[in-house]
Structures are given as C-alpha cells and as structure tokens.
Amino acid sequence: MVSEGLWSIGELAERAATTVKTVRYYSERGLLPEAGRSTGGHRRYGPGALDRLRLIRSLRALGLPVPEVERALERDGALEEVVSDRLRELGSELAALRWREASLRLLRDCPAGERVERIRLLGAVAVPPDTAALVRFWRRSLPARLPRRVASTVLDAVVPQPPAEPSAAQVLDFARLHALVSDPGLDRPEARPAQPLPAGEYRPAVLYEGLAEAYALASAELGAGRTVRDGGALDCFVAAYAHARGETDSADFRRGLVPLLARADGPVITRYWKLAGGLFAPGEPVLGALHHHLSVALRQDVGSRGG
C-alpha cells in the first residue's frame, strides 16, 4: 500500500505544469524516481520527482538533448561537463551563423555579375571555416628539417584564424585565400613558394628563430613610429640569414641577400599576404608586412652603400 502524500502521474504533471505524456516519457527513461506503486500498479511520485522534473525541463529549455540530460544527472560533476560541451557546440554554431550572415550580406551587396563567382568561392569553404588548407600550404613550403616546435610557432604566426564576427569583406578575403592555397597547380614543385634560402645551404631552425626576433623588433619599431632602419630590426633580420648560413653580416653578404629575398617573394606569396592581411586581429603583427618592410629597408641600405 502506498503512503499518503504521494502523487499520481497526472497530479505530478499538474504540479509541474506539463503533460502526462511528458512525465511518462521521462519516467520510462528512468529519469524520474518513483516513490512506489498504487494497489492497481500505477506509479506514485513524491516531492523529489517534482524537483527532478523541474531540473530536467530547465536543462531541456537550455537546449540540452535528452541523452545529454541523462548524462548530466547520472553522477556528481557530470552536469559541469555537459554544460561545457554544450557551450563549445554553441560557439561553433554561433560562428557558423555569423559566417553565413556575412556571406549572405556579401552576395546581397555585390554586383549581380559577380554573384555566381562568389557563390563558387563561398561554397568551397566549410562553415564555420577552418584553416586546414592554409596549414597544408605552409607545411609544403617550410623546410622538411624544421623542428616541430619551430614549425608550430611559424604556423601560428602565418595562418590567420577566421574572424569570430567577420565582415563581408573578410569572408571574401578568406574565401579567396582558401582558393589560392587550394589550387591544384601548387602541387607542382616549381609552383610552390620558394624557401627563403637554397635547400641544404642553411640551418632552418636558426633562421626561423632569428627571423621571429627580427619581426618582433620590427613590429615594435613600426608601432613606435620609427622605420625598421632606425633601430636593430634590420641588423637582426640580416643576422638571422647570416647565422643560418654560418656567415657574418657584411656589405657583400647584404648585397647577395637581396636577390635571394626577391626569389622567395613570388606572386603566390605576395597574393597570400595581400588577402591574409585583413584577417589578423587588430594589433596582431602581420609577418608578410613586416618581412616586406625589412626587405625594402635592406634594399635601401644596400643602395645607400652603392651596392
């Protein structure tokens, strides 16, 4: 016999302002504790079931699927895990919505004659977009002997992350950048961006670590309103190449470095940095621009010496 003060399924549904069907569904999934059964075998519920039902409905109202609600309630600490997982999912969903919104604005506002081409570009990019194609592009271009730690640092610096709240212009730049690095023609060795120095003639780790220091100095100097020839950035830049080749910085070395830098500054990499420049966060150094400033400063320095 069931104790007094317990509720039938209908009474529980009424107290929770929901339907009998909903209560039965959660009961059958084992989410609602029964306090017993009536003499006729009907479920009876106590206050604990009402509290549990309200919790379940609150979690469902937050968008958690029933299996995730079950996982959240199965043990202590599981709720925090489920909520964290859902927040990550929502972040991805929101990023996709913002990207779609900017893409639609791009198509709405562009000249009619350009819409088909832009649809083709946008259709080749995942939503939300990822940077896998850009990473592959750079991995093909980086020296094979570059240590993993250094390569990871380089990739972080040269691969822009898709903006969290992109403008229509940024969506177009990213789509064009994705198309550039995904061009099958880049699989041909002669079409890839040239390495900064002839392969086998330098120590890659020494070069890239030295360049990172030079770029940091150049960024600080430019941010302070100075040119990169005013401080130590240019000397650090040249020293990175010299040390990587086991040589010393000299007028002759600088003259020889100018054509090597021009060799690596081909149309693909120039186009890459033109498109990528607007995708980096405000205030984030753009290595392509810094490299350009340093290369120009080197040519000017060589020219002033009569090189």
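Modeller: Phe 137, Trp 138, Tyr 272, Trp 273 and Phe 280 make up one aromatic cluster. Rings of Phe, Tyr and Trp (its six-membered ring) are taken as a pair if their centres lie within 6.5 Å; planes under 30 degrees apart count as stacked, over 60 as edge-to-face and the rest as tilted. The model is predicted, so local features need pLDDT of at least 70 and side-chain atom pairs count only at pLDDT 80 or more, whereas totals for chains, interfaces and linings use all residues. Residues are numbered from 1 along each chain as its sequence is written, and side-chain values use heavy atoms, with hydrogens and water left out.

Searching the whole structure gives nine aromatic pairs. One of them joins Trp 99 and Phe 174: the ring centres are 5.6 Å apart and the planes stand at 85°, so this pair is edge-to-face. Because Trp 99 belongs to helix H5 (residues 78-109) and Phe 174 to helix H9 (residues 168-181), the pair ties together parts 75 residues apart in sequence. Helices here are DSSP runs (H or I, at least four residues), numbered from the N terminus. Trp 99 is buried, at 4% relative accessibility, and Phe 174 is buried at 1%; buried means under 20% relative accessible area, with a 1.4 Å probe and protein chains only.

Trp 273 and Phe 280, both members of the cluster, have ring centres 6.4 Å apart and planes at 20°, so they are stacked. Trp 273 is buried, with a relative accessible area of 16%, and Phe 280 is buried at 8% relative accessibility.

H5 has 32 residues, which at 1.5 Å a residue should span 46 Å, and its end C-alpha atoms are 47 Å apart, in agreement. The expected span is 1.5 Å times one less than the number of residues. Besides Trp 99, the buried residues of H5 include Ala 96, Ala 102, Ser 103, Leu 106 and Leu 107, as well as Ala 78, Val 82 and Arg 86. An α-helix has 3.6 residues a turn, so residues three or four places apart point the same way. Among the elements that cover the buried residues of H5 are helix H4 (66-73), helix H6 (115-123) and H9, where covering rests on contact, meaning heavy atoms within 4.5 Å.

Definitions and conventions
Helices (H or I, at least four residues) and strands (E, at least two) are DSSP runs, numbered from the N terminus. Buried means under 20% relative accessible area, exposed over 50%, partly exposed in between (1.4 Å probe, protein chains only).
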